[in-house]
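Take them one at a time, and try each before reading its solution.

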Amino acid sequence: DDLVVIDELHRIRDTKTGSPPRGMLPQAGTYSALAKSHGFRVEGLGVDYIPRVPLREAQPSTISRALPQDVAERASETAIQVAVRSLDEFRRTGEIDAFAPNPSSGLCGPLYCPAFGTATCRAHWASDD
């Protein structure tokens with residue numbers, strides 16, 4: 001789960017729990033661009049990770065990292081351009097291969113993806129068993 005806020009110093013803070021976050025730049029850059037498009041002042045980006053532990057264990061400290069806003073916003077723009085090109089290609093050809101698989105996505109699994117585990121899935125090939 002995520003909690004995204006703009007703090008008193010005009011920084012977007014994205015709080016994460018669960019697994020340590022990776023690949024945050026495009027997501028944080030999108031939050032920044034979206035906030036700015038609605039008139040908010042954004043002067044920094046960061047992620048705060050709170051590890052999940054069993055209740056009987058002591059809660060570890062939050063791990064906070066600043067993210068480079070300019071790099072994150074460029075990464076967001078690139079990701080959006082790739083998505084638009086993929087959608088255009090899919091509309092033109094009707095081929096699902098227009099979209100790159102993302103096995104790191106929480107949506108990549110049998111609950112959300114009808115192609116998961118089938119010959120159609122390029123991220124998780126169906127076994128011959």
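**Exercise 1. Contacts along the chain**

Among contacts in the protein chain between residues at least 6 apart in sequence, what percentage join residues at least 24 apart?

*Solution.* Start with the ground rules. This is a predicted model, in which local features need pLDDT of at least 70, side-chain atom pairs count only at pLDDT 80 or more, and totals for chains, interfaces and linings use all residues. Residues are numbered from 1 along each chain as its sequence is written, and side-chain values use heavy atoms, with hydrogens and water left out. Next, a contact means heavy atoms within 4.5 Å. Taking the contacts between residues at least 6 apart in sequence, 46% join residues at least 24 apart.

**Exercise 2. Fold and overall form**

List the secondary structure of the protein chain in order, then decide whether the chain is spread out or compact.

*Solution.* First, count the elements: the protein chain has four strands and two helices. These are DSSP runs numbered from the N terminus, with helices being H or I of at least four residues and strands E of at least two. Their order along the sequence is β-β-α-β-β-α. The radius of gyration of the protein chain is 18 Å, well over the 14 Å that the globule rule gives for 129 residues, so the chain is more spread out than a compact globule. Here the radius is taken over C-alpha atoms, and the rule is 2.2 Å times the number of residues to the power 0.38. Finally, the C-alpha trace spans about 50 × 45 × 20 Å along its principal axes.

**Exercise 3. Confidence**

Find where in the protein chain confidence is lowest and where it is highest.

*Solution.* The protein chain averages 88, and 95% of the residues score at least 70. Strand β1 (residues 2–6) is lowest, with a mean of 83, while helix α2 (residues 69–93) is highest, at 96.

**Exercise 4. Two residues**

Classify Ser86 and Arg41 by burial, and name their contacts beyond four places in sequence.

*Solution.* Begin with the classes: buried means under 20% relative accessible area, exposed over 50%, and partly exposed in between (1.4 Å probe, protein chains only). Ser86 lies in helix α2 and counts as buried because its relative accessibility is 12%. Ser86 touches Ala98 and Phe99. Now move to Arg41, in the loop between α1 (24–37) and β3 (44–51). With a relative accessible area of 48%, Arg41 is partly exposed. Arg41 is in contact with Ile6 and His10.

Notes
pLDDT = per-residue confidence, 0-100.
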